[in-house]
Amino acid sequence: MKYILMMNTMTAGSQAFTGWSKEDFETHCAYFAGLTQELRESGELISTEVLTFPDQARLVGAGDDGMLVTDGVFSEGKEFLAGYCIVDVPSPERAYAIAARVSAAPGPGGAPLNIPIEVRPVLSGPPPEML
Amino acid sequence: MESTRGDITPELLLRDLAPQVLGALVRRFRDFAAAEDAVQEALIAATVQWPREGVPDNPRGWLIQVASRRLTDHIRSESARRRRESEVALEASRHPAPAETASHADDTLVLLFMCCHPALTPSSAIALTLRAVGGLTTAEIAHAFLVPEATMAQRISRAKQTIKTSGIPFQLPNPGERAQRMRAVLHVLYLIFNEGFTTSAGPSLRRDDLSHEAIRLARILHGLQPDDTEVAGLLALMLLTDARRLARTSDKGELIPLAAQNRELWDREQIAEGVAILSAALRAGTVGPYQLQAAIAAVHDEAARAEDTDWPQILALYELLKRMSDNPMVVLNHAIAAAMVHGPRKGLELLNSLDGDPRLADHHRLDAVRAHLLELAGDPHGAIRHYRLAAAKTTNLAERDYLIIQAARLASE
């Protein structure tokens with residue numbers, strides 16, 4: 001079963017890593033590099049992407065006169081999607097365990113950030129017996 | 001290994017032959033899309049058979065024969081459905097295969113012109129060039145660009161469709177068009193190289209396979225057009241830039257800027273080759289932008305230490321380049337060189353001319369350079385602000401991390 005692990009973080013406060021020390025940031029990056037490598041080697045990682053900062057986001061809507069594009073409305077301190085990974089694992093418990101590792105990524109002073117990770121099953125095709 | 005000739009592996013041999021075989025087939029059957037599919041099948045057949053049975057005496061002839069057979073089979077099975085349309089092709093298939101003396105060098109050149117045709121978007125041209133001229137499989141190209149194989153297959157098939165509907169003939173462009181079309185070819189090869197050197201998206205800064213493929217293609221082109229000094233300039237630029245690849249990232253994948261690189265890791269042999277190609281081109285006369293960029297890369301490569309860099313020479317080269325092209329990136333680099341010669345304030349002053357340039361509005365490089373110059377000018381707060389602005393704009397993860405670290409380093413000082 002596939003699960004998407006969505007990492008939501010904050011543009012301000014301890015989770016805004018632009019304000020961290022060099023060492024804290026490097027430790028944080030190394031933690032994720034190691035975790036990604038581990039999941040790739042275990043064959044559980046389907047894909048993972050890191051997103052740009054939310055000020056690069058645009059809201060797009062199709063208005064009456066065609067396409068409407070506006071800047072994002074992501075104000076300081078608001079929660080935003082920083083990245084996601086999709087894993088293929090045998091049980092929801094395993095997906096939650098991976099999410100907990102993501103959540104515990106080190107922040108300032110190496111303390112776990114406890115980033116909230118939204119875990120949701122990904123819809124898949126019909127089971128083989130229905131094809 | 002028994003099946004290798006000299007130091008050429010069957011794989012490399014196949015990739016060298018791919019455009020020649022495709023050229024021969026398109027010339028004969030006049031159906032680019034079908035020929036391309038048939039050549040891919042022949043290449044796969046060779047990958048399976050050659051390691052087992054040895055490389056045939058005439059590998060190119062073998063591939064042309066197998067691909068022609070596949071294409072003829074394909075035409076026959078289609079012909080029940082589309083008899084009238086395929087008559088021309090069937091007629092062609094009855095002709096004997098072109099003699100070994102056929103101009104396969106010209107074929108490769110025509111293919112390059114076709115795949116880099118201005119009617120195609122850059123991403124289509126890149127994909128098609130890698131597949132048709134580079135002989136890479138769709139899976140390999142998809143992997144290099146970090147997109148699903150189905151996406152890349154679709155991109156390639158759309159590109160082939162565009163060529164079909166626009167009726168681009170399989171022949172060399174006329175002399176009047178030639179220079180402009182050659183610029184398009186060089187630009188596509190340059191983009192492939194850059195995609196490998198600084199990936200525009202994704203976690204890893206370098207994807208050597210793409211850079212190496214671009215160098216291989218530029219070498220082929222240089223072999224075909226030895227008198228074109230800009231082709232030589234592009235090849236030299238690639239070699240001189242790629243020579244620094246091992247020093248460019250740390251073992252953790254972090255970006256290391258030129259000034260901080262361990263120059264022991266630079267590939268001296270490759271630098272010597274690039275300098276030799278560039279020198280020959282410069283002696284031959286007409287100087288163009290690729291030669292100037294290669295000359296700048298050579299000046300950097302020849303400095304034993306960062307502080308030995310001949311910045312006045314680089315500044316002079318950028319001034320020439322600036323006169324030749326209206327490219328904001330050139331202005332940006334010119335400002336850096338000016339800062340190194342006349343001090344950071346001079347560089348910052350030159351950067352002001354780029355404010356409000358729509359081509360750089362969303363680009364991180366202007367902020368990154370300004371941050372660097374502000375730091376040199378002794379304004380850490382301004383530098384931190386612009387490093388962070390640049391970090392927010394870049395789409396390259398390694399580059400973003402580098403910029404965040406620069407800001408963090410200054411903030412803790």
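1. Secondary structure of chain B. In this predicted model, chain B contains 20 helices and zero strands. Of its 413 residues, 43% are buried. Where contacts in chain B span a separation of 6 or more, residues 24 or more positions apart account for 62% of them.

2. Secondary structure of chain A. Chain A has two helices and six strands, and from the N terminus on these elements follow the order β-α-β-β-β-β-α-β. Buried residues make up 15% of its 131 residues. Among the contacts in chain A between residues at least 6 apart in sequence, 70% join residues at least 24 apart.

3. Domains of chain B. The chain is divided into domain 1 (1-102), domain 2 (103-167 + 176-224), domain 3 (226-309) and domain 4 (320-413). Domain 2 of chain B is therefore written as two segments, 103-167 and 176-224. For domain 3 and domain 4 of chain B, the C-alpha centres lie 22 Å apart. Five residues of domain 3 of chain B are in contact with eight residues of domain 4 of chain B. On the domain 3 side of this contact, three residues are nonpolar, one is polar and one is charged.

4. The contact between the chains. Chain B contributes 13 residues and chain A contributes 14 residues. On the side of chain B that touches chain A, helix H19 (380-393) and helix H20 (397-411) each supply at least two residues. H20(B) gives the most to this side, with seven residues.

5. In soluble globular proteins, nonpolar side chains tend to be buried together. The largest nonpolar core here has 124 residues, and those touching the most other members are B:Val21, B:Leu25, B:Ala35, B:Val39, B:Ala67, B:Leu189 and B:Ala236. Helix H1 (residues 10-29) of chain B provides the largest share of this core, 10 residues. A second, separate core of 14 residues includes A:Tyr3, A:Met7, A:Leu113 and A:Ile117.

6. The surroundings of B:Ala236. This residue is one of those in the largest core that touch the most other members. With neighbours within four places in sequence left aside, B:Ala236 is in contact with B:Gly274, B:Ile277, B:Leu278, B:Ala281 and B:Ala294.

7. A helix pair in chain B. Two packed helices are described by the angle between their axes and the distance between the axes. For helix H6 (residues 122-133) and helix H8 (residues 149-166) of chain B, the axes come within 9 Å and cross at roughly 95°. Angles of 65 to 115 degrees count as roughly perpendicular, and H6(B) and H8(B) are therefore roughly perpendicular to each other. From H6(B), the residues B:Ser123, B:Ser124, B:Ala127, B:Leu128 and B:Arg131 meet B:Met152, B:Arg155, B:Ile156, B:Arg158, B:Ala159 and B:Thr162 of H8(B). By class, this contact has five nonpolar, three polar and three charged residues.

8. B:Leu12 and B:Ala159. B:Leu12 is placed in helix H1 of chain B. It counts as partly exposed because 13 C-beta neighbours lie inside 10 Å. B:Leu12 and B:Ala159 are 147 residues apart in sequence and 25 Å apart in space, C-alpha to C-alpha. B:Ala159 is also one of the H8(B) residues that meet H6(B).

9. A:His28 has its place in helix H1 (residues 22-41) of chain A. Because 19 other C-beta atoms lie within 10 Å, A:His28 is partly exposed; a buried residue has 20 or more. A:His28 and A:Pro106 are 78 residues apart in sequence, and their C-alpha atoms are 5.4 Å apart in space. Apart from neighbours within four places in sequence, A:His28 is in contact with A:Phe17, A:Ala105, A:Pro106 and A:Gly107.

10. Positive phi values. Most residues other than glycine have a negative phi. A:Asn114 has a positive phi near 50° and is a residue other than glycine. A:Asn114 lies in the loop between helix H2 (92-103) and strand S6 (117-121) of chain A, and it is partly exposed, with 13 C-beta neighbours inside 10 Å. B:Arg30 is not a glycine either, and its phi is positive at about 60°. B:Arg30 is found in the loop between H1 and helix H2 (32-53) of chain B. With 14 other C-beta atoms within 10 Å, B:Arg30 is partly exposed.

Methods. Residues are numbered from 1 along each chain as its sequence is written. Chains are lettered from A and ligands numbered from 1 in the order in which they are written. This is a predicted model: local features need pLDDT of at least 70, side-chain atom pairs count only at pLDDT 80 or more; totals for chains, interfaces and linings use all residues. Two residues are in contact if their C-beta atoms, placed from the backbone, lie within 7 Å. Helices (H or I, at least four residues) and strands (E, at least two) are DSSP runs, numbered from the N terminus. Ala, Val, Leu, Ile, Met, Phe, Trp, Tyr, Cys and Pro count as nonpolar, Asp, Glu, Lys and Arg as charged, and the others, Gly among them, as polar. A nonpolar core is a set of buried Ala, Val, Leu, Ile, Met, Phe, Trp, Tyr and Cys residues joined through C-beta atoms within 7 Å. A residue is buried if 20 or more other C-beta atoms lie within 10 Å of its own, exposed if 12 or fewer, and partly exposed in between; C-beta atoms are placed from the backbone. Axes are lines fitted to C-alpha atoms, for helices over the stretch in contact, and angles run from 0 to 180 degrees between N-to-C directions. Angles under 35 degrees count as roughly parallel, over 145 as roughly antiparallel, 65 to 115 as roughly perpendicular and the rest as oblique.
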